[in-house]
Amino acid sequence: MLGAPRHDGDAAARAHHQEQDADAAAGPSSPRGLVLACAGLLQRGDVDGARRAAAEVLSTADPRGDAADRLAHHFARALARRADGNKAGGEGVAAPAGGAAPSSGPGAPSATAYLAYNQIAPFLRFAHLTANQAILDAAASGGARRLHIVDLDAAHGVQWPPLLQAIADRADPDLGPPEVRITGAGPDRDVLLRTGDRLRAFAGTLNLPFRFHPLLLPCTTQLAADPSTELELHPDETLAVNCVLFLHKLGSDGEIAAFLNWVKSMNPSVVTLAEREASIGSDCPEDLHRRVAAAMDYYSAVFDALEATAPPGSADRLAVEQEVLGQEINAVVAPGHAGRRARGFESWATAARAAGLSPRPLSAFAVSQARLLLRLHYPSEGFVAEEARGACFLGWQTRPLMSVSSWQ
C-alpha cells in the first residue's frame with residue numbers, strides 16, 4: 001500500500017538498499033551510472049572528472065528520448081552547472097543530443113510551464129483538490145461567515161478558483177455567500193498582484209465577497225527565520241493555513257519547528273500540508289552521491305508517469321520537464337541543498353505533532369474526489385490514490401509520490 005506505516009529510519013535503510021540495487025543493475029557506463037559517477041567525482045572534489053562524466057551523458061542522453069534518457073539528461077545538466085560554479089551553460093559541457101533547447105537556469109518556472117504542469121500531471125491538482133476539501137470541511141464545521149486563508153506559496157493562485165466556486169455554490173440563499181480573504185505569500189510582488197487581480201475578477205463573477213492581500217517574502221523561508229511576521233487576523237473568521245509544497249523549502253529542523261510553532265500560535269481551524277513522498281538527503285544530507293541516487297529513484301517514477309500521460313514529443317511535457325522538474329532537480333543537486341530535506345509523511349507528521357498540532361483526518365469525500373480526479377483526467381492505470389493514517393497519498397504504480405494531510 002502507498003501509505004503503509006513505516007519508520008523514517010527503516011525507510012531510509014530500504015531506500016539505500018534500493019539505490020544500491022538500481023546502481024548495480026544500471027552499470028557504470030549507463031546514463032544513470034555515469035550520472036552517479038559524476039556525483040561521486042564532485043563529492044571527492046574531482047571537478048574536471050565530473051565535468052567529463054556530465055559531458056558524456058549530455059552528448060548521449062536525448063532530452064527528447066525515453067524517460068530514462070530525459071531523466072539522466074536533467075541530472076547531468078544540474079551536476080554540470082554545479083561543477084561550473086552554477087554558471088548556466090558552463091564551459092566544457094557538450095551540446096545536448098537532438099539539438100534540444102538548453103535546460104532552464106536558476107529561477108522560477110514560467111507561468112506557461114507552471115500551468116502546463118497543472119494540466120498534464122495530477123500532482124498539483126491532487127494537492128489542491130484535497131487541501132481545498134479539507135478547508136471547505138473546516139469552514140462548514142466552524143460556521144463562521146468569514147474565511148481567511150493564509151497561502152504560504154500563492155504562486156499563480158490556481159488552487160483557489162475551484163474553492164471559490166464551491167463556496168459560492170454552497171451558499172445559503174437567504175444569507176448569501178460568506179466573505180473570503182486570502183493572504184498570498186511569495187517572493188515576487190508583480191506575480192502576487194496579478195494573482196490577486198485574477199482572483200478578484202473571478203470572485204466578482206460569482207458575486208462572492210472577496211479580498212486578496214499580498215504578503216511579500218523575498219525568501220519563502222523568511223517566516224521560519226522571523227516568525228513574528230504579523231497578519232491581520234480576526235476572531236470571527238475561520239482561519240486556514242495552506243502549506244502546499246512549502247515545508248520542504250525550509251532548512252533545518254529548528255526552522256521547521258519555528259515555523260510550525262508560529263502557525264500553531266495563530267490557532268488555525270485547519271492547516272493543510274502537501275509534500276512529496278521523497279526521502280532525499282534526510283539521512284545523509286552531505287553525501288551528494290546518495291542524495292542524487294535517491295532523487296533519481298523518485299524522479300524516475302515522475303518521468304515515467306509523465307510519459308504515460310503526455311504524448312511523445314509533447315511541447316508541454318518538454319516545458320514542464322525543463323522548467324519545473326528541471327528546477328527541482330537543480331535544487332536537489334545545488335550546494336545549498338544539504339540543509340533542506342525532502343522527507344516522507346511520517347517525518348512531517350512528527351514535526352506537526354511536536355508543534356502542538358493535532359491530526360484532522362480527511363473526509364471520505366476528499367479521498368473519493370481524488371480518485372475521481374484521476375479517473376476523469378488521468379486515466380492511465382498507473383496512478384493510485386489511497387487513504388492511510390488520516391492522509392491521502394498519490395502514487396505511481398507502487399511508488400508513493402505525494403501526501404496531503406490536514407491538522408488543527
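1. Arg 317 counts as buried, at 6% relative accessibility; buried stands for under 20% relative accessible area, exposed for over 50%, and partly exposed for what lies in between (1.4 Å probe, protein chains only). The side chain of Arg 317 meets that of Glu 321 in a salt bridge, 4.0 Å from N to O. A salt bridge here is a side-chain nitrogen of Lys or Arg within 4 Å of a carboxyl oxygen of Asp or Glu. Glu 321 is buried too, with a relative accessible area of 1%. Helices (H or I, at least four residues) and strands (E, at least two) are DSSP runs, numbered from the N terminus. Arg 317 and Glu 321 also belong to a network of salt bridges that includes Arg 70 and Glu 307.

2. On the source: the model is predicted, with local features needing pLDDT of at least 70 and side-chain atom pairs counting only at pLDDT 80 or more, while totals for chains, interfaces and linings use all residues. Residues are numbered from 1 along each chain as its sequence is written, and side-chain values use heavy atoms, with hydrogens and water left out.

3. The whole structure holds 14 salt bridges. One of them joins Asp 197 and Arg 200, with the closest N and O atoms 2.8 Å apart. Both residues sit in helix α8 (residues 189–205), three residues apart, so about one helical turn separates them. Asp 197 is partly exposed, at a relative accessible area of 45%, and Arg 200 is partly exposed at 36%.

4. A further salt bridge is formed by the side chains of Asp 236 and Arg 146 (3.3 Å, N to O). This pair links distant parts of the chain, 90 residues apart: Asp 236 lies in the loop between α9 (222–225) and β4 (238–244), and Arg 146 in strand β1 (residues 146–151). Asp 236 is partly exposed, with a relative accessible area of 43%.

5. Strand β2 (residues 179–186) has seven of its eight residues buried. β2 pairs with β1 in the parallel sense over six bridges; two strands pair if DSSP finds at least two bridges between them. Within this pairing, Arg 146 has Glu 179 of β2 as its bridge partner. Between β1 and β2 the chain passes through helix α7 (residues 160–170), in a right-handed β-α-β crossover. Right-handed means that, with the strands pointing away from the viewer, the path from the first strand over the helix to the second runs clockwise.

6. β2 also pairs with strand β3 (residues 210–216), in the parallel sense and over seven bridges. Thr 183 stands opposite His 213 in β3. The crossover from β2 to β3 runs through α8 and is right-handed.

7. Helix α14 (residues 364–377) has 14 residues and should span 20 Å at 1.5 Å a residue, which agrees with the 20 Å between its end C-alpha atoms; the expected span is 1.5 Å times one less than the number of residues. Its buried residues are Ala 366, Val 367, Ala 370, Leu 373 and Leu 374. Seen down the axis of α14, they fall within an arc of 115 degrees and so line one face of the helix, the arc being that of the directions from the helix axis to the C-beta atoms. The face turned away from this buried side carries the exposed residues Ala 364, Arg 375 and Leu 376. Cover for the buried residues of α14 includes α6 (123–142), β6 (383–388) and β7 (391–396), where contact means heavy atoms within 4.5 Å.
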